[in-house]
Amino acid sequence: MKDQNLEQKYNKWIVVLSVTIPLVVALLFGVNLRKLGYDVEPLSFLPPIYATINGFTALFLVLAVVAIKKGNRKLHENLMKTAIGCSVAFLAMYVAYHMTSDSTKFGGEGTIKYIYYFILITHIILSIVIIPLVLITYVRGLAQVFDKHKKIAKITFPIWLYVAITGVVVYLMISPYYV
């Protein structure tokens, strides 16, 4: 049962969310509640948690591809919903951490510094790019427009997997410099 109307219905939301989420994250990233005079404890325990969640996102993505290749559509759907939930949880914790804590500077020098910044910058850029791709892919699956869903999923999957894995890598590279 293909539902192109469902796809059209959600297109406006995809655009709104694809623009709003990065803007809100960027704005909130610049807000430090402690510097604004609020008596909040730094949420310094969050980075290893949200890095782990990124790792689970990567795992769920791979398992979801395996599930669909084996023909298990329901398991695939549940794993993808879980991956989306993990990404939302990551984002909420990431913003909460940065609203209560000072940013950590990478302390490495030489070649490793360039590698770190390359990974970080590509991670950030692709984390913005992945938002509409995930939403479009999800809606096409929801609308059961599987030919179009499969076509965009082949683009979405490797980018989302890269974002999830590099989130863990960025954490591992910067973790020695947390205060």
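Colleague: Glad to have you here; what should I keep in mind about the model itself?

Modeller: It is a predicted model, in which local features need pLDDT of at least 70 and side-chain atom pairs count only at pLDDT 80 or more, while totals for chains, interfaces and linings use all residues. Residues are numbered from 1 along each chain as its sequence is written, and side-chain values use heavy atoms, with hydrogens and water left out.

Colleague: How many helices and strands are there, and what counts as one?

Modeller: The protein has 5 helices and 0 strands. Helices are DSSP runs of H or I with at least four residues, strands are runs of E with at least two, and both are numbered from the N terminus. Along the sequence the pattern reads α-α-α-α-α. The C-alpha trace spans about 55 × 35 × 25 Å along its principal axes.

Colleague: Why are α2 and α3 called roughly antiparallel?

Modeller: Their packing angle is about 165°, and their axes are 8 Å apart. Such axes are lines fitted to C-alpha atoms, for helices over the stretch in contact, and angles run from 0 to 180 degrees between N-to-C directions. As for the classes, angles under 35 degrees count as roughly parallel, over 145 as roughly antiparallel, 65 to 115 as roughly perpendicular, and the rest as oblique. At about 165°, α2 and α3 are therefore roughly antiparallel to each other.

Colleague: And what makes the crossing of α2 and α3 left-handed?

Modeller: The term is used if the near helix is turned anticlockwise from the far one by less than a right angle; clockwise would be right-handed. α2 passes α3 in a left-handed crossing. By class, the residues of this contact divide into 23 nonpolar, 6 polar and 1 charged. Here Ala, Val, Leu, Ile, Met, Phe, Trp, Tyr, Cys and Pro count as nonpolar, Asp, Glu, Lys and Arg as charged, and the others, Gly among them, as polar.

Colleague: How do you know which class α4 and α5 belong to?

Modeller: Their axes come within 7 Å and cross at roughly 150°. That value makes α4 roughly antiparallel to α5. The crossing of α4 and α5 is left-handed, and their contact has 23 nonpolar, 9 polar and 2 charged residues.

Colleague: Then why is α3 called oblique to α5?

Modeller: The axes of α3 and α5 come within 14 Å and cross at roughly 45°, which makes α3 oblique to α5. This crossing is left-handed.

Colleague: What makes Thr156 buried?

Modeller: Buried means under 20% relative accessible area, exposed means over 50%, and partly exposed is in between, using a 1.4 Å probe and protein chains only. Thr156, in helix α5, has a relative accessible area of 4%, so Thr156 is buried. Buried residues make up 36% of the 179 residues in the protein.

Colleague: Why are Gln144 and Tyr138 given the term partly exposed?

Modeller: Gln144 has a relative accessible area of 30% and is therefore partly exposed. Gln144 lies in the loop between α4 and α5, and its phi is near 60°, a positive value in a residue other than glycine. Tyr138, found in helix α4, has a relative accessible area of 30% and is partly exposed. The C-alpha atoms of Tyr138 and Lys81 are separated by 8.7 Å, although the two are 57 residues apart along the chain.

Colleague: Last topic: what makes a space a pocket, and what volume does the largest pocket have?

Modeller: On a 1 Å grid over the protein atoms alone, a cavity is a set of points where a 1.4 Å probe fits but cannot get out, and a pocket is an open set with protein on both sides within 12 Å along at least five of seven lines; lining residues have an atom within 4 Å of a point. Grid points are joined across faces, edges and corners, and a volume is the space filled by probe spheres set on the points. The largest pocket has a volume of about 1,200 Å³. Its lining has 43 residues, with Phe90, Leu91, Tyr94, His123 and Ser127 nearest the centre. α4 gives the largest share of that lining, 12 residues. By class, the lining of the largest pocket has 33 nonpolar, 9 polar and 1 charged residues.
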